[in-house]
Amino acid sequence: MTDAIMATGLVKSYGDVTALDGLDLAVPQGTVFGLLGPNGAGKTTAVRILTTLLRPDAGQATVAGLDVVRDAARLRARIGASGQYAAVDDHLTGAENLEMVGRLYHLGTRRSRERARELLTRFDLTDAADRPVRGWSGGMRRRLDLAGALVAQPPVLFLDEPTTGLDPRARAGLWDVIAELVAEGTTVLLTTQYMEEADRLADRIAVVDQGRVIARGTADELKDQIGGDRVELSVTGRADLEAATRALAPLAVEDIQVDAAALRMTVPVTGGAVALTEALGRLAAERIAVRDAGLRRPTLDDVFLTLTGQGTGKIEETVR
Ligand SMILES: Nc1ncnc2c1ncn2[C@@H]1O[C@H](COP(=O)(O)OP(=O)(O)OP(=O)(O)O)[C@@H](O)[C@H]1O
Ligand SMILES: [Mg+2]
């Protein structure tokens with residue numbers, strides 16, 4: 001299967017600021033790709049190049065099989081991008097704005113009207129649909145902007161921080177829409193500051209820093225890559241704590257940390273749930289009573305912070 005989005009060696013500078021420094025991406029058709037990275041990493045620059053709004057200084061990219069520079073005009077008809085219609089016409093109503101986009105994409109008046117209604121319903125905007133956008137809230141405009149990207153049902157969709165500024169309900173709604181589109185074969189590239197969102201939505205993730213991809217993989221692969229699985233447990237007595245430390249030493253990939261006062265210990269392991277099962281088996285074999293045990297996996301926040309060199313953050317509980 002061909003990749004819906006392919007980029008090799010993209011370079012882009014603004015004056016002496018290097019925004020992209022040899023960015024490579026490959027996104028299989030019908031998948032969600034998450035571009036993560038700190039502020040200024042180059043995410044928006046990459047999206048602007050892939051949506052033909054900006055020319056790269058070097059490198060090459062194709063979207064839906066079309067070159068982003070040579071075939072820019074043809075490509076524009078095959079992609080949707082949120083941000084593209086951020087300049088919604090304030091004097092038009094929500095419905096009129098979407099119908100206008102439909103006509104731009106040559107959907108025809110009737111189909112444009114139908115599609116506008118569908119999307120207004122989808123994004124919970126029916127009550128406001130016939131009011132001028134002028135009086136709409138920021139979150140409502142944002143949803144209209146996203147709806148605009150979906151009017152023509154393009155095969156490839158670029159969403160630059162699609163849920164920034166959305167309330168939890170609107171965010172969940174957008175997640176559903178994305179899942180449906182992808183089930184129908186749409187390819188989605190999104191950037192996000194919300195690790196939880198990337199974890200939940202993206203089939204594959206690239207972590208970008210200073211214009212380059214510094215790590216890529218599924219959320220799980222990235223978590224494994226930084227390591228950091230831990231078995232945490234507490235026992236009922238001091239003697240058990242020492243016995244447990246001895247019993248679990250073979251599993252530990254780094255020093256076991258013991259909090260004697262709390263009768264707790266933390267064992268750095270690899271392999272997640274398998275390691276937890278193994279640990280409990282060893283303790284049972286030694287007849288050590290366990291009061292409480294759990295596995296902690298790193299979050300994508302940890303991945304992000306570790307890889308972009310800003311120290312490690314909090315740890316997530318996945319099994320308890
Ligand atoms: N039009 C511009 N003129 C000058 N510098 C720019 C311009 N656009 C972006 N930059 C610079 O290029 C770098 C990458 O910016 P970009 O907007 O692509 O980052 P980003 O990853 O999208 O960041 P954010 O998370 O804040 O949206 C930054 O150093 C930024 O200051
Ligand atoms: Mg950006």
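This is a predicted model: local features need pLDDT of at least 70, side-chain atom pairs count only at pLDDT 80 or more; totals for chains, interfaces and linings use all residues.
Figure 1. Helix α4 comprises 14 residues, which at 1.5 Å a residue should span 20 Å. Beyond the helix, α4 is followed by Asp124, whose phi is positive, near 65°.

**Figure 2. The buried and exposed sides of α4.** Ser112, Arg115, Ala116, Leu119 and Leu120 are the buried residues of α4. These residues cover an arc of only 135° around the axis and therefore fall on the same side of α4. An α-helix has 3.6 residues a turn, so residues three or four places apart point the same way. Arg110 and Thr121, on the other side of α4, are exposed. The cover over the buried residues of α4 includes α3 (94–104) and α5 (138–150).

**Figure 3. The largest pocket and its lining.** The volume of the largest pocket is about 160 Å³. Its lining consists of Arg115, Glu118, Leu119, Arg122, Leu150, Gln153, Val177, Glu180, Leu181 and Glu184. By class, the lining residues divide into five charged, four nonpolar and one polar.

**Figure 4. Helices contributing to the lining of the largest pocket.** Helices α4 (109–122) and α6 (168–183) each supply at least two residues of this lining. The greatest contribution comes from α4, with four residues. Two residues of the lining, Arg115 and Leu119, are also among the buried residues of α4.

How values were computed:
Residues are numbered from 1 along each chain as its sequence is written. Chains are lettered from A and ligands numbered from 1 in the order in which they are written. Side-chain values use heavy atoms; hydrogens and water are left out. On a 1 Å grid over the protein atoms alone, a cavity is a set of points where a 1.4 Å probe fits but cannot get out, and a pocket is an open set with protein on both sides within 12 Å along at least five of seven lines; lining residues have an atom within 4 Å of a point. Grid points are joined across faces, edges and corners, and a volume is the space filled by probe spheres set on the points. Ala, Val, Leu, Ile, Met, Phe, Trp, Tyr, Cys and Pro count as nonpolar, Asp, Glu, Lys and Arg as charged, and the others, Gly among them, as polar. The expected span of a helix is 1.5 Å times one less than its number of residues. Buried means under 20% relative accessible area, exposed over 50%, partly exposed in between (1.4 Å probe, protein chains only). The arc is that of the directions from the helix axis to the C-beta atoms. Contact means heavy atoms within 4.5 Å.
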